[in-house]
Amino acid sequence: MVDVIFAVFQRPNFLTFVIIFLWGFYIMVTRYNLVKKLIGMYLVQTSVIFFLVSISVKKGATIPVLLSTTEPVQAANYANPLPHVLTLTAIVVGVATLGVGLALCAAIYREYGSLDEEEIIERLE
Amino acid sequence: MSHQLPAILFLLPLFAAISMPVVCLKHRHWSQPISVAILAAMVLVSILNLHNVIQHGEVRYMFSGWSAPIGIEWVADGLASVTLVLLSVLGLLCVVFTGPTFPKALGGRIVHFYTLILLLVCALVGMVFTRDLFNLFVFLEVAAISSYALIGVAGGRALFAAFRYLILGTIGASLYLLGVSYLYAVTGTLNMADMANQLPLLISSKALIGGLLFMFMGLGIKMALVPFHAWMPEAYTHAPESVSPILASLVTKVALLGWIRITYWVLGAPIVIFNIPILLLVAALGTLAAVIGAFLALAQQNIKMMFAYGGISHIGIILIGLGQGNQTGFAGGIFYLLNDAVMQAALFFLAGVAFCQYGVRTIDDLGRIGKQAPWLTGSLVVIALGMIGLPPTGGFFGKWYILLGALEAGNYVSIAAVLLSTLLTLAYFVKLFESIFRQSSTQLDVQSGEIPFSFKLTLGVTSAAIILLGLFSAPIVQLLLNHALPPGF
C-alpha cells in the first residue's frame, strides 16, 4: 500500500491528470447550469490532452530536426513529434465541440429563457 | 486509377461540403440537387470499388506515400467496401427524403444543412476505411459534431436532446482518446496491423488492459450499447424528421464497425485476458442489449422512441453474432448489421412520413390513419416482417446465420436471447398493428392529399431492399465469408 502511494507521488503528472479528469467529471455530473457542464466537459478533454503531452516528455532532447546528416540518428536526442501532433489535433477537435456546445446553449437560452437544467426540464413537461 | 477509389470516395463529399456554401450562395435551392448528385456519384464509385476489391483483393492506400506504420493507412477490404455501398445508397435515400420534410424553422439555412449532411457522410467514409486508431478518433468526432448540429438544427426540444448527446458523446470521445494514448504509450504505434503484431507479447500489461477498457467504453457510448444508451432514443426522437433516418441507420452502425475493427483486427478475436475470453464478454453485452432494448421498446408510446429502442436491441443481436467466435456467426452478424441499417432507415422514413404527411407521433394516432395511407401501412408490414425476422426478408436470414453460429459454438444462452428478443419485437409490432387495424377507432380527419414522390420512392426502395437482401442472402453471406473475415480467423 505504502509502495503504491509512493509510486503515485513519483509521477505527479499522472496524479494531476487524474485530479483534473475527475474534477471535470464531477462538475459535469453535479452542476445544473449548462455552461458549467460545458466547462466540466472542457476540463475532461484538457486532462486527456495533458496526459498525452506528459507521457511524451523526453528530458534532454531537442526538436525533431536532424542535428547532423552524416552521423547515424540517435533517437534519444530528439523529442517524438507524433504525440504533439496528436495533441494539436485533439485541441482542435475539443475547440470545435465546445463551439457547437456553446451555440446550442445560446439557442437553448433563446428558446427557454434559462440555462438551468431543472427549469428547462420543467418547461418541457 | 482503381487504387485511388477510396480517396475519391472520401474527397467527393468533402469537396462538395466545402464548396457548397460558396456555390449555393445565390441559389439556395441548388443545394439539394447537388447533394443528390454527389451521393449518386458515390454510389457508382463505391460499387466500382467493391467490384475492384472482389476481383483484385484489398486495396491499401497510403497517404502521401508514407508506408504503413509511419503514415496513415486506409484499407479497402471486403468489409469496408460492402459497408460503403450500403452507406452511399442509404445516404442518397436520406438526402432524397429530406426535400418535403424540411423543417420550416430552418428557413434560409438550408445550404448549411446540406453542408453538414455531406460532412457527416465524408466522416463516416473515413471511419469505414481507416486503419489508424487516432484517425478513427478524428473522424468519430467530425461525425459526432455534425450530428450534434444536425439534431439541434431546427430548434425546440431537439436542442436539449442535442446538448445531452453532446455531453455524453464528448465523454465517450475523451475516453476513447485516453484509451488510444494508453495503447500508444504501451506499443508506440497507432497503426492497427502494427499494433496487432505487438499485442500478444504485451497482453498481461495493465496499461494495455486499462486502455482497451477506456476505448471500448468510449465507443460503447458512441454506438449506444446498453448501459450507455441513454442519449440515443431522446436524440433520435426529437431530431428533425429529415435528420433521424441518416443518424439512426448510419452513425451508430459505423461506430459499431469501428468497435469490430478494434476487437477483431487489433486485438485478435479469440484472445483471453485475465481468464476472461473477450468474445464471451462481447456475447454477454449483446445478450443484455438485445433483451433490455426490446423490453424498453415495448413500453414506448411514441413511434420514433419505440423504433430507437428497437435499434438498440438490434445492436445487441449483431454483437451476439460477432461474439460466437466462428465464421458463420461473424458473417451472420455483419449481414445483420447491413440489414439493420436498411431497416432503421426504413423505420425512420416511415416515422417521418407519418409525422410530416399525417401529423402522427404516437401509436394510438397511427391507428386512426390506417386506411388512408396505403404506402405507409404497406411498408410498415414489410419492415415489421424484417424486424421480427420472418422468411423472405433479410432479417430472417441474418438471425438464422447468427443462430447457426451460436449452435456451432454451443452457446445456448445466446440462442435464448435472440429468440426472446425476437418474441419481444413481435410483441411491440403486434401493439402497432393492433392499433392500426382496430375497427372501432375514430378516423383521424386528415386532408393530406397525395403523398410526395420522394416519400413513395424512399419507402418503396427500403421495403424492396429488405426483401431483396433476404432473397439474395446466400450470395451476400458467401461474399462476406470470402472477403470480409478478419485476418487469421
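Two residues are taken to be in contact if their C-beta atoms, placed from the backbone, lie within 7 Å. On that basis, in what is a predicted model, the contact takes 23 residues from chain B and 24 residues from chain A. On the side of chain B that touches chain A, helix 5 and helix 6 of chain B each supply at least two residues, and helix 6 of chain B gives the most, with 14 residues.

Turning to the fold of chain B as a whole, it has 19 helices and four strands. Its radius of gyration is 22 Å, close to the 23 Å that the globule rule gives for 489 residues, so chain B is as compact as a globular protein of that length. Taken along the principal axes, the C-alpha atoms of chain B fill a box of roughly 70 × 60 × 45 Å. Buried residues make up 60% of the 489 residues in chain B, and among contacts in this chain between residues at least 6 apart in sequence, 81% join residues at least 24 apart.

Helix 5 of chain B, which supplies residues to the side that touches chain A, also pairs with helix 4 (residues 110–129) of chain B: the axes of the two come within 8 Å and cross at roughly 155°. Because angles over 145 degrees count as roughly antiparallel, helix 4 and helix 5 of chain B are roughly antiparallel to each other, and their crossing is left-handed. Residues on both helices make this contact, and some of them are set out below.

| Helix of chain B | Among the residues in the contact |
|---|---|
| Helix 4 | B:L116, B:L119, B:L120, B:A123 |
| Helix 5 | B:L136, B:F139, B:L140, B:V142 |

Helix 8 of chain B (residues 206–222) has 17 residues, which at 1.5 Å a residue should span 24 Å; its end C-alpha atoms are 25 Å apart, which agrees. The buried residues of helix 8 of chain B include B:L208, B:L212, B:F214, B:M215, B:F216 and B:L219, as well as the glycines B:G211, B:G218 and B:G220. Against which helices do the buried residues of helix 8 of chain B pack? They pack against helix 5 (133–151), helix 6 (157–187), helix 7 (192–202) and helix 10 (244–266) of chain B; among these, helix 5 and helix 6 also supply residues to the side of chain B that touches chain A. Just after helix 8 of chain B, B:A224 takes a positive phi of about 60°.

Technical notes. Residues numbered from 1 in each chain as written. Chains lettered and ligands numbered in written order. Predicted model: local features only at pLDDT ≥ 70, side-chain atom pairs only at ≥ 80, totals over all residues. Rg over C-alpha atoms; globule rule 2.2 N^0.38 Å. Buried ≥ 20, exposed ≤ 12 C-beta atoms within 10 Å, placed from the backbone. Expected span 1.5 Å × (residues − 1). Axes fitted to C-alpha atoms, helices over the stretch in contact; angles between N-to-C directions. Parallel < 35°, antiparallel > 145°, perpendicular 65-115°, else oblique. Left-handed = near helix turned anticlockwise from the far one by under 90°.
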